Amino acid sequence: MKSNLNGQSILLLSLNGLFVFAAALSGTFLNVYLWKSRQDYAMIGWFNVSQQIALGIMVWVAGKWVKEHNKMNALRVGTALSGLFYLIVLYTGPQAVNYIWPLGMLLGAALGLFWLAFNVIFFEVTDQASRDHFNGWVGLLGSFSGIVGPWLSGWIIARMEDDAGYRVIFSISLAFYVVGVVLSFFLRKRKPTGNYNWKEPKQRLSQKGSMWRPLSLSLIAQGIREGVFAFLITLLVYVATQQEWKLAQFSLITSAVSFFSFWAVGKWLKPHYRSAGMLLGAVLLVIALLPLLWRMEYSTLLIMGIGTALFMPLYLIPMISASFDLMGTSKGDANQRVELVVLRELCLMVGRLTGTLIFLGVLSISKAPTAMIWLLIGLALMPVLGWFFMRSVLKMEQKTKQSKSHSHAQRWHKQTE
């Protein structure tokens with residue numbers, strides 16, 4: 001695949017790869033580790049609620065630091081706090097379940113800092129011509145990490161007694177975060193631009209006709225689904241099999257499929273097909289869950305996982321690219337990129353928090369597998385709703401590109417007359 005990425009883009013991708021690999025190595029089994037200490041779905045749910053609350057607060061507050069000071073330091077601190085999280089988990093061991101809220105908030109703050117800084121830098125080192133390509137590579141690295149990380153973790157855990165394997169993989173993740181901090185010093189420091197507007201997210205959503213209004217609803221819909229799927233699917237696979245190695249196998253297969261799918265979509269899905277790609281992906285994501293209605297076991301969970309891995313890039317790559325393209329529609333928007341990234345992350349956080357609270361609400365009524373399945377199907381419909389809100393954004397984006405292309409052609413004809 002021919003690369004049109006510059007050196008800074010490649011360096012940023014490398015840092016992203018380290019961060020995602022460390023998360024894949026330990027994050028896949030983190031909820032399982034907590035579950036083995038206390039078999040309580042609600043406890044896992046509240047752990048994720050605390051993450052989202054801290055993530056939202058950190059993103060909004062750290063926006064000032066990222067815009068007015070050194071965004072590279074925010075990236076480093078986010079990486080370092082992720083390492084600190086696993087250091088504390090190593091220290092507390094099985095007693096970590098007694099500190100769900102502080103641990104969740106530490107991890108959420110770390111993720112908020114890292115992804116806020118990463119997304120701002122991502123916007124700065126790419127343009128509309130390279131954004132889909134960059135996102136394709138982000139997906140490829142994530143999928144590769146999902147292939148190797150969980151498989152390696154499962155292999156280590158399966159071959160060591162008690163919780164020794166967990167301590168090893170948490171230690172390896174800690175080392176990767178340290179390397180990530182060192183690598184971040186090779187990213188070029190960019191001068192801060194302007195003052196941070198604390199009220200920009202609210203003001204942007206208050207503007208009539210603003211494309212950020214439908215985009216925000218689409219992001220919330222996306223977050224509702226992923227807020228639950230991010231932790232529940234791996235937990236269900238472990239509960240169904242009671243084997244970390246089976247979970248590693250599940251992640252290996254689904255991530256291999258995702259690796260191919262992200263490569264194909266990043267290479268061949270053109271911007272003018274984004275809307276159709278999103279709709280097709282959203283519908284197929286729902287269909288992929290239907291085998292669970294027959295029986296929830298490893299085989300049906302694997303079919304669902306393969307389907308999700310295959311179809312998710314159709315939805316996700318256009319969604320990410322379109323939202324970042326919207327930040328660059330004018331010079332004013334580009335100057336407000338930090339605030340707009342904050343708005344984007346807050347919308348996703350609201351969605352994830354809402355989805356997790358829905359999960360906890362359903363759990364308080366019924367813990368039956370049937371209730372879980374219908375919850376998953378209901379949440380899987382959210383991307384369809386997200387596409388519905390995104391239609392106007394994608395349509396406006398296409399018109400803008402056509403208008404620019406037409407203006408460029410006119411200028412070229414005048415120059416050649």
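I'm jotting down one cut-off before anything else: a residue is buried under 20% relative accessible area, exposed over 50%, and partly exposed in between. I'm also keeping in mind that this is a predicted model.

**Leu 279.** I looked up this residue in helix H10. Its relative accessible area is 31%, so I put Leu 279 down as partly exposed.

**The nonpolar patch.** Leu 279 turned up again here, in a nonpolar surface patch of about 530 Å². Which helix gives the most to the patch? I found that helix H10, residues 274–287, does, with three residues.

**Helix H14.** Next I went to residues 369–380, which make up this helix of twelve residues. I noted a reach of 16 Å from the first C-alpha to the last, close to the 16 Å expected at 1.5 Å a residue. I then listed the buried residues of H14: Met 372, Ile 373, Leu 375, Leu 376, Ile 377, Leu 379 and Ala 380.

**Thr 241.** Is this residue buried or exposed? Thr 241 has a relative accessible area of 14%, so I logged it as buried. I found Thr 241 in helix H8, residues 212–241. Leaving out residues up to four places away in sequence, Thr 241 touches Lys 246 and Tyr 298.

**The whole protein.** I stepped back and counted 15 helices and zero strands. Of the 417 residues, 56% are buried. I put the accessible surface at about 17,900 Å², with 65% of that belonging to carbon and sulfur atoms. Last, I checked contacts between residues at least 6 apart in sequence: 86% of them join residues at least 24 apart.

Methods
Residues are numbered from 1 along each chain as its sequence is written. This is a predicted model: local features need pLDDT of at least 70, side-chain atom pairs count only at pLDDT 80 or more; totals for chains, interfaces and linings use all residues. Side-chain values use heavy atoms; hydrogens and water are left out. Helices (H or I, at least four residues) and strands (E, at least two) are DSSP runs, numbered from the N terminus. The expected span of a helix is 1.5 Å times one less than its number of residues. Buried means under 20% relative accessible area, exposed over 50%, partly exposed in between (1.4 Å probe, protein chains only). Patches are made of residues with over 30% relative accessible area and no salt bridge: like charges are joined within 9 Å, nonpolar side chains (Val, Leu, Ile, Met, Phe, Trp, Tyr) within 5 Å. Accessible areas come from the Shrake-Rupley method with a 1.4 Å probe; for residues, only the protein chains shown count as cover. A salt bridge is a side-chain nitrogen of Lys or Arg within 4 Å of a carboxyl oxygen of Asp or Glu. Contact means heavy atoms within 4.5 Å.
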